[in-house]
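Subject: Structure handover

Hello,

Here is the structure for you to look through. My notes on it follow below.

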Amino acid sequence: MQGQLPVLECRALCLGYERREVLHELSFVLREGERLCVLGENGTGKSTLLLALLGLKRPTKGEIIYGADSARRQIGYLPQQLAVQQDFPARAVEVVRSGFLGAMGPKAWYTREQRARAGEIMAQLGVAELADRCFRELSGGQQRRVLLARALCATRRLLLLDEPEAGLDPIAAKELAQLIRALHKDKGIAVIQVSHEVESALDGADYVLHLTRGAFEGDRFFGTAEEYRASPLGQDYMMNCRAGRQAARRVEYE
Amino acid sequence: MNDFIAQLLEITQYTFLRRGLAVGMLVTLCAALLGVTLVLRHYSMIGDGLSHIGFGALAVAAAFQWAPLPVALPAVMLSAFLLLHDGKGARKLRGDAAVAIFSTSCLALGVLILSFRGGSNVDLMNYMFGSILSLTQNDLWLSLALSAVVLPGFLWFFHRIFSLTFDPSFARATGVKTQAYQLFTAGLTALTVVLGMRMMGTLLISSLMIFPALIAMRVCKSFRGVAVCAALVAAACFVIGFVLSCTVRRGLPTGATIVVTNLCAFGIFAVAGRIRWRNRTHCGD
């Protein structure tokens with residue numbers, strides 16, 4: 001793995017809001033084809049970290065370095081939930097193509113290659129036949145795939161996924177997870193995935209970043225997936241999640 | 001139909017009517033295109049709010065005997081930047097509440113100023129409901145300049161505007177300068193409102209922005225379709241309303257006639273949309 005080019009590097013990254021520091025001096029390197037899984041409860045700074053990686057939030061200290069030729073514009077971002085209003089007119093293919101905007105420069109229209117590539121990506125993700133459908137009339141799983149296709153138009157190297165399985169039914173969630181895994185393996189795209197679904201997120205992850213409410217080095221975990229499974233924090237969290245799921249299931253049955 | 005064309009030809013023989021037709025058409029097209037993004041971003045009332053602010057500015061200008069446009073334009077543009085800007089300052093008072101408070105205050109102040117000055121009710125009526133007679137050669141130049149920016153600009157930035165409207169945070173993450181586009185649309189919206197309110201009146205100008213987008217959304221389900229359809233419908237409704245207002249005996253108020261024409265179109269398109277989408281899910285337009 002060491003031979004691979006770095007796609008993203010955080011150097012002593014500090015993030016925070018006016019009064020509260022959320023992350024203090026986080027450093028890591030992500031290389032081509034690696035997968036980082038970001039875990040943590042709500043309010044521990046996962047979303048803040050995502051915003052910073054996307055360039056939407058300025059670090060209070062430290063820096064984020066993107067790989068040799070991949071500027072910020074080359075990140076493919078899959079948002080957690082898109083609050084599209086009821087009657088927004090948009091065809092799926094219009095949504096997918098908008099992923100190319102970062103690469104368009106001053107041009108006004110998409111090139112023929114870009115259109116063709118959008119078509120290829122949609123075919124790969126199994127949404128080619130939905131191209132002319134209205135985005136808002138698609139099912140949750142279909143919408144997520146269309147948005148993933150948009151993200152893939154924006155990048156060839158780094159995908160940023162914000163809880164990709166949230167709000168999907170178990171079958172759609174599993175299919176999406178398989179799809180992401182295939183992309184990651186076959187194309188060597190690096191993936192950063194924020195998730196609440198510990199087990200499925202850990203499966204195939206190279207690194208784990210677990211954030212807690214504390215901002216400092218000692219409060220969080222960063223290491224390989226094996227190390228995480230063996231660590232007290234990891235075991236504790238996985239057990240809690242399992243218990244939580246069982247409790248939820250029990251409630252469902254009653 | 002032949003009657004209609006004959007009347008249209010007759011109208012074009014009068015200079016002031018010709019000017020009204022030209023200014024109105026240009027402003028209508030700009031308003032329709034800008035309206036598509038405004039409506040989809042939940043800023044439908046921004047046009048209404050801005051026109052009230054413009055009314056206040058016009059009243060001040062009238063009270064001090066200043067030229068109306070140099071006062072109204074900067075005032076409305078500044079307000080548009082403040083209201084459409086998503087920055088930190090707007091956090092406390094935002095969205096519809098901010099627009100409502102700000103604009104009604106300006107309207108009230110404008111009315112007070114006009115009444116203190118002892119101005120005639122004709123001025124007030126003209127500002128409130130508009131009049132094609134008040135359009136000047138200057139308005140024609142300004143509206144030509146406005147449409148020279150808006151129409152090509154909308155085409156050129158079409159995909160960016162779509163992305164920005166559909167998912168602003170994704171657009172920002174891919175490097176679209178959302179802030180700049182927002183200021184740009186705010187400025188153009190202000191310009192459209194100031195130009196349009198002379199013709200349509202303070203109370204009705206916002207309909208030029210909202211109606212075409214809403215009408216188009218009944219029938220078209222793609223962003224491109226909605227933009228094209230909105231522009232066409234707006235142009236058609238404007239011409240029909242304009243001709244009706246000039247030819248019906250005694251002359252109907254132009255602004256109101258155009259709004260009612262739009263309302264009829266809305267009804268027709270709503271029914272057409274129902275029929276069109278009853279059995280289909282594709283949006284091929």
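In chain B, helix H3 (residues 46–63) packs against helix H4 (residues 68–84) at an angle of about 145°, with the axes 8 Å apart. Helices (H or I, at least four residues) and strands (E, at least two) are DSSP runs, numbered from the N terminus. Axes are lines fitted to C-alpha atoms, for helices over the stretch in contact, and angles run from 0 to 180 degrees between N-to-C directions. The crossing of H3(B) and H4(B) is right-handed. A crossing is right-handed if the near helix is turned clockwise from the far one by less than a right angle, and left-handed if anticlockwise. H3(B) brings B:Ile46, B:Leu50, B:Ile53, B:Gly54, B:Ala57, B:Leu58 and B:Ala61 to the contact. On the H4(B) side, the residues include B:Pro68, B:Val71, B:Ala72, B:Ala75 and B:Val76. Contact means heavy atoms within 4.5 Å. By class, the contact of H3(B) with H4(B) has 14 nonpolar, two polar and no charged residues. Here Ala, Val, Leu, Ile, Met, Phe, Trp, Tyr, Cys and Pro count as nonpolar, Asp, Glu, Lys and Arg as charged, and the others, Gly among them, as polar.

Before you go on, note that this is a predicted model: local features need pLDDT of at least 70, side-chain atom pairs count only at pLDDT 80 or more, and totals for chains, interfaces and linings use all residues. Residues are numbered from 1 along each chain as its sequence is written, chains are lettered from A and ligands numbered from 1 in the order in which they are written, and side-chain values use heavy atoms, with hydrogens and water left out.

Still in chain B, helix H1 (residues 2–11) meets helix H12 (residues 223–247) at about 75°, with axes 10 Å apart. That makes the two helices roughly perpendicular. Angles of 65 to 115 degrees count as roughly perpendicular, under 35 as roughly parallel, over 145 as roughly antiparallel and the rest as oblique. H1(B) contributes B:Phe4, B:Gln7, B:Leu8 and B:Ile11. H12(B) contributes B:Val239, B:Ile240, B:Phe242, B:Val243, B:Cys246 and B:Thr247. The contact of H1(B) with H12(B) has eight nonpolar residues, two polar and no charged.

Two threonines of chain B come next. B:Thr254 lies in helix H13 (residues 254–277). B:Thr254 counts as buried because its relative accessibility is 9%. Buried means under 20% relative accessible area, exposed over 50%, partly exposed in between (1.4 Å probe, protein chains only). Not counting residues up to four places away in sequence, B:Thr254 touches B:Ile132, B:Phe242 and B:Ser245.

B:Thr165 is in helix H8 (residues 158–166) of chain B. B:Thr165 is buried too, at 8% relative accessibility. Its C-alpha is 6.8 Å from that of B:Leu40, although 125 residues separate B:Thr165 and B:Leu40 in sequence. Beyond four places in sequence, the contacts of B:Thr165 include A:Phe88, B:Thr37 and B:Phe223.

Now chain A. The axes of helix H4 (residues 140–154) and helix H5 (residues 170–187) come within 10 Å and cross at roughly 15°. That makes H4(A) roughly parallel to H5(A). Their crossing is right-handed. Among the residues that meet are A:Arg145, A:Leu148 and A:Leu152 in H4(A), with A:Leu179 and A:Leu183 in H5(A). The contact of H4(A) with H5(A) has seven nonpolar, one polar and three charged residues.

Which residues touch the most other members of the largest nonpolar core? They are A:Leu125, A:Leu148 and A:Leu159, in a core of 124 residues. A nonpolar core is a set of buried Ala, Val, Leu, Ile, Met, Phe, Trp, Tyr and Cys residues joined through side-chain atoms within 4.5 Å. A second, separate core of 31 residues includes A:Ala52, A:Leu53, A:Ala154 and A:Leu211.

Helix H1 (residues 46–54) of chain A is mostly covered, with seven of its nine residues buried. A:Lys46 and A:Thr48 are among them. A:Gly55 follows H1(A) and has a positive phi, near 85°.

Two backbone points to finish. Most residues other than glycine have a negative phi. A:Ala12, in strand E1 (residues 6–16) of chain A, has a positive phi of about 45°. A:Ala12 is partly exposed, at 31% relative accessibility. A:Glu163 also has a positive phi, near 45°. A:Glu163 sits in the loop between strand E6 (158–162) and H5 of chain A, and counts as buried at 11% relative accessibility.

Best wishes
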